[in-house]
Amino acid sequence: MTDIDPPLRWVLLDWNTGDEERIVGSCAEIDGLFVDPPEVPLERIVLRDCVPAEGLRAALAGLGTERAHLGTILIEADDDPDIDYVDNLYDVTVLAAEGADVVLQGRIQEERAYWPAEEPPDDEGFRLSDAGERALGTARTVEGLYRERPELLPPAATLVGLLPEPWFRAALADGGDVEVRASVRARGAGGTDLSTLTHGLRGRVVAVRDSAAGPGLLDVELDDGLWDPIPASAKPLWDAWLVAPPAEPDTWTGLSPWMRHEWLRLALAHAHLRGPDRPAGGTYHLDGRYVTDMNAFFCAIGEAVNGPGGYFGWVWDALRDCLGGGWGAETPFRLVWSHVEVAREHLGDETVDELVAEMARHQVEVTR
């Protein structure tokens, strides 16, 4: 199938039967896979009677500068040990301090479920933490968070240049009600299937026609789309990686922080192709010149351990998994982190020290 022109680079694995190995078909493109969803609006959130911890204190001290940007924060209701209310805000900036209150601006993570304004959690007491689960402080109440919001829906998808498996071609030919529920995998160089890490595709077939992509191929329109599309700006990355992963170091450094996240998604998808762990006792070199955000740190450590395009975590929990083995390097090993002062300036001393401590807990000696 890999020698078909155009290449059928997207593979659909059926979810309808519960058999995740049953292939629906392969297609040249999926209109709706690479799209920018409706922008989540910035909202004003007020932390009433806030007691800030170190990270939030640093942001308050840097009001009006880049240091006021917190990124992602978690807000957790405090009073009921049996219920875990955790809400995520991202792209968060501290706007002001008004007495004991702190005013934030950020975007709510839209797939979360929220209470309408008249039914907030019964708590008077909230804990705040950053994406690494380090404490940012507490607040008595959080104003502006718990209210209804309109659902942001992705666009409907079209399978372009689909070569359906015989069972799915027969279902389409019957002309009945056909539903597609499938995970989406990418077909990389050499025919290897790679996870896209999306939650999947869903929708009922509303139109089928012969495709201009090639003989025997179909275009299949659905009435729904991807649970979580990949940003449109990431498509050039996928196009390049599916031909050949990067062979030179530092090719991620010109990307924005968000696009570095997409780079890490691709690195994770390719990680299982790397082979067994190298034995303990090795030395790896992390070039810290470009570590200006957490995504940059993960790009840099992935490259340090596993070479260009390498993966060694993309969030804290994933880093812990990688340090436990099975992701390219067996511990104990030595990590030489050059230009660590760049990370200290942009991430803060607390974050850098916690990264070093986490690695030390897994028998990684970090020298700087």
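Visitor: In β8, which residue is the bridge partner of leucine 74?
Guide: Start with the strands: β5 (residues 69–77) and β8 pair in the antiparallel sense, over five bridges. Strands here are DSSP runs of E with at least two residues, helices are runs of H or I with at least four, and both are numbered from the N terminus. Two strands pair if DSSP finds at least two bridges between them. In β8, leucine 74 has as its bridge partner serine 129.

Visitor: What kind of model is this?
Guide: Residues are numbered from 1 along each chain as its sequence is written, and side-chain values use heavy atoms, with hydrogens and water left out. Local features need pLDDT of at least 70, side-chain atom pairs count only at pLDDT 80 or more, and totals for chains, interfaces and linings use all residues, this model being predicted.

Visitor: How many of the five residues of β8 are buried?
Guide: Buried means under 20% relative accessible area, exposed means over 50%, and partly exposed is in between (1.4 Å probe, protein chains only). Strand β8 covers residues 126–130 and is largely enclosed by the rest of the structure, because the number of its buried residues is four.

Visitor: Which residue takes a positive phi in the hairpin of β8 and β9?
Guide: β8 also pairs with strand β9 (residues 135–139), in the antiparallel sense and over four bridges. The hairpin has four residues between the strands, and the one with a positive phi, near 65 degrees, is glutamate 133.

Visitor: In β7, what is the bridge partner of leucine 47?
Guide: β7 (residues 101–108) is mostly covered, with seven of its eight residues buried. It pairs antiparallel with strand β3 (residues 43–48), and five bridges hold that pairing. Leucine 47 has a partner in β7, and that is valine 102.

Visitor: Within what arc do the buried residues of α1 fall?
Guide: Helix α1 takes in residues 54–61, and its buried residues are Leu56, Ala59 and Leu60. They line one face of the helix, because seen down the axis of α1 they fall within an arc of 100 degrees. That arc is the one spanned by the directions from the helix axis to the C-beta atoms. In general, an α-helix has 3.6 residues a turn, so residues three or four places apart point the same way; for α1 the arc asked for is 100 degrees.

Visitor: What is the order of the open sheet of three strands?
Guide: The edge strands, each pairing on one side only, are β16 (283–287) and β18 (364–367). β17 and β18 run parallel and are joined by four bridges, and phenylalanine 333 has valine 364 as its bridge partner in β18. With parallel pairing, the order is β16-β17-β18.

Visitor: At roughly what angle do the axes of α5 and α8 cross?
Guide: On the α5 side (residues 294–306), Met294, Phe297 and Ile301 meet Thr351, Leu355 and Met359 in α8 (residues 349–361), where contact means heavy atoms within 4.5 Å. Axes are lines fitted to C-alpha atoms, for helices over the stretch in contact, and angles run from 0 to 180 degrees between N-to-C directions. The axes come within 13 Å and cross at roughly 35 degrees.

Visitor: Is aspartate 250 buried or partly exposed?
Guide: Aspartate 250 sits in the loop between α3 (235–243) and α4 (257–270). It has a positive phi of about 70 degrees although it is not a glycine. Its relative accessibility is 23%, so it counts as partly exposed.

Visitor: From which residue does the cis peptide bond to proline 332 come?
Guide: Proline 332 belongs to the loop between α6 (316–323) and β17 (333–338). The bond has omega near 0 degrees and comes from threonine 331.

Visitor: At what relative accessibility does arginine 265 count as buried?
Guide: Arginine 265 is placed in helix α4. Leaving out residues up to four places away in sequence, it touches several others, including Thr196, Ile230, Trp238 and Trp314. Arginine 265 counts as buried because its relative accessibility is 8%.
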